[in-house]
Amino acid sequence: MESSNVLVPLTLASSAALQMGSGGRNNPTLVCAPIMAESVDKMVINMNKAKQGDADLVEIRLDSLKSFNPSDDLKTIIKASPLPTLFTYRPRWEGGQYDGDEKKRLDALRLAMEFGADYIDVELQVACEFNDSIYGRKPENFKVIVSSHNYQDTPSAEDLGNLVAIIQATGADIVKIATTALEIADVARIFQITVHSQVPIIGIVMGERGFMSRILCPKFGGFLTFGTIESGIVSAPGQPTMKDLLHLYNLRRIGPDTKVFGIIGKPVHHSKSPILYNEAFKSVCFNGVYIPLLVDDIANFLQTYSSTDFAGFSCTIPHKEAALKCCDEVDPVAKSIGAVNCIIRRPTDGKLVGYNTDYVGAISAIEDGLRGSHNSSNTADSPLAGKLFVVIGAGGAGKALAYGAKEKGARVVIANRTYDRARELADTIGGDALSLADLDNFHPEDGMILANSTSIGMQPKVDETPIPKHALRSYSLVFDAVYTPKMTRLLREAEESGAKIVTGLEMFIGQAYEQFERFTGLPAPKELFRKVMANN
């Protein structure tokens, strides 16, 4: 697929620091809350919750009802709904729960139309027959959505284009296509179809790799997106909550010219970065949105989303070293470290420029911990000078920590599961190497500093720790780059062993200051960053 100009069509402005109007909506995309419940009474309660949560309409999933009497129940639902209604009666053969007579199913949808439904969703397979049956009987403002669901993959751009034409030919008022993402690059094809569509279109890519299709649909002109009334109760894989759509991703502030930022990682949904940056963007009226990006192949991702609208990325495990190879230019510090955690797409020429902000964030946090303050001291001498500094892990974050500690005059030891990688990094920066197993009995002196740069102990595996408790007695300070949870098992046991501890949150906030400034060209709202992280 020719991807170089895939996502350029809606760029209405090129300045990185686009200012937004305060409040209000920047797009007509609707937020639809799926209502799935076993009884009509529960549906009515949930419709009211959707209204309170600021949804624009509700999708009534009739196939979720345990018992259903069409003539009574449809009247009750339509009369009780505080919002416009979309009725869906999804059969098993299209991923739903209805397993009964086809004629009864379509009769119920026709009845919903007669009783005043605003929209009906009917599957492509039966759409011609259904639309023929209501010809000349459609109420003035009533719309038929014709839908196609693909739970296997996302077809080629050409096949998707043909599918849109086939759906339109059935007499659809609104086209709905839901596909499945096998990798995040698949979503580009749905964006391409959405932005070029001449008819109202709902383009959704299911699964975690398709998540951004749900957030960015207003940018590319999607008719609606789905947000659940509570987490965990989804009508399709990968649906966000309505609360997250509206208040975390600020969906109604996203327009065609909104710049897209995000965190590239695997895993990535544990990340607090979207909370931090979206809140900060909103506070300074910066027209950007920051999303989690579950990426398998970073080179393919950056090549596919090559428009300058995809303006900047944070990189986390396991992509920090591969990211460096994808950049057109790399900051000298990042080059020395051998890892990049921040990529900026230069608006003037679209070139990718790589930086490493981990190094400053982590080292400042550790220095502050040793000095016992949050305020960076002006003393020229670093409290790290002359200290024995043990880094666990030889990946991107490990490289940043080792480089930073060495710069500050520490003696560095790298401990890694595979000794050869530890040796390689130690040789590069001028230090010693150990295998992780040897760390258990490593205590050449007291007052050492330990820094874990691996994901050991990160949610959900919170009971894991890279080093046994007895080995922590030789350390005066222990730092853990993991910040979910904030208090890892490693930090808890270090504190019990008498060491000072520095949480990954300190590094996270420190590295985020510089990234925010590179993303926006504006000074980082430091107080806000601390406040947001304290509350999350």
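## Largest cavity

About 420 Å³ of space lies in the largest cavity of this predicted model. A cavity here is a set of points, on a 1 Å grid over the protein atoms alone, where a 1.4 Å probe fits but cannot get out. Grid points are joined across faces, edges and corners, and a volume is the space filled by probe spheres set on the points. The largest cavity is lined by 29 residues, and Thr-316, Lys-320, Ala-481, Tyr-483 and Phe-508 are the closest to its centre. Lining residues have an atom within 4 Å of a point.

Helix H9, strand S11 (310-315) and helix H17 each supply at least two residues of this lining. Helices (H or I, at least four residues) and strands (E, at least two) are DSSP runs, numbered from the N terminus. H17 provides the largest share of the lining, 5 residues. By class, the lining of the largest cavity has 13 nonpolar, 13 polar and 3 charged residues. Ala, Val, Leu, Ile, Met, Phe, Trp, Tyr, Cys and Pro count as nonpolar, Asp, Glu, Lys and Arg as charged, and the others, Gly among them, as polar.

## Basis of the model

The model is predicted: local features need pLDDT of at least 70, side-chain atom pairs count only at pLDDT 80 or more, and totals for chains, interfaces and linings use all residues. Residues are numbered from 1 along each chain as its sequence is written, and side-chain values use heavy atoms, with hydrogens and water left out.

## Second largest cavity

The count comes to 4 cavities of 30 Å³ or more. The second largest cavity has a volume of about 70 Å³. Its lining is made of 12 residues, and Tyr-249, Asn-250, Arg-253, Gly-288 and Val-289 lie nearest its centre.

H9, which also lines the largest cavity, gives the most to the lining of the second largest cavity, with 3 residues. H9 and strand S10 (288-294) each supply at least two residues of that lining. The lining of the second largest cavity divides into 6 nonpolar, 4 polar and 2 charged residues.

## Second largest pocket

The second largest pocket holds about 390 Å³ of space. A pocket is an open set of points with protein on both sides within 12 Å along at least five of seven lines. Of the 22 residues that line the second largest pocket, Gly-393, Ala-394, Gly-395, Ser-453 and Thr-454 are the closest to its centre.

Helix H11 (320-326), helix H14 (396-407) and strand S16 (411-416) each supply at least two residues of the lining. H14 gives the most, with 3 residues. By class, the lining of this pocket has 8 nonpolar, 10 polar and 4 charged residues.

H9 (residues 273-283) and H17 (residues 504-520) pack at an angle of about 45°, with their axes 11 Å apart. Axes are lines fitted to C-alpha atoms, for helices over the stretch in contact, and angles run from 0 to 180 degrees between N-to-C directions. H9 and H17 are therefore oblique to each other; angles under 35 degrees count as roughly parallel, over 145 as roughly antiparallel, 65 to 115 as roughly perpendicular and the rest as oblique. The crossing of H9 and H17 is right-handed, that is, the near helix is turned clockwise from the far one by less than a right angle. Ser-273, Leu-276, Tyr-277, Ala-280 and Phe-281 in H9 meet Phe-508, Ala-512, Gln-515, Phe-516, Phe-519 and Thr-520 in H17, where contact means heavy atoms within 4.5 Å. The contact of H9 with H17 has 8 nonpolar, 3 polar and no charged residues.

The axes of H17 and helix H18 (residues 526-535) come within 11 Å and cross at roughly 140°. That angle makes H17 oblique to H18. This crossing is also right-handed. From H17, Leu-505, Glu-506, Phe-508, Ile-509, Ala-512, Tyr-513 and Phe-516 meet Lys-526, Phe-529, Arg-530 and Met-533 in H18. The residues of the contact of H17 with H18 divide into 8 nonpolar, no polar and 3 charged.

## Backbone features

Most residues other than glycine have a negative phi, and most peptide bonds are trans. The peptide bond from Lys-266 to Pro-267 is cis, with omega near 10°, and Pro-267 sits in the loop between strand S9 (259-265) and H9. The bond from Ile-317 to Pro-318 is cis, with omega near 0°; Pro-318 lies in the loop between S11 and H11.

Asp-54, a residue other than glycine, has a positive phi, near 80°. Asp-54 is in the loop between helix H1 (40-52) and strand S2 (57-61).
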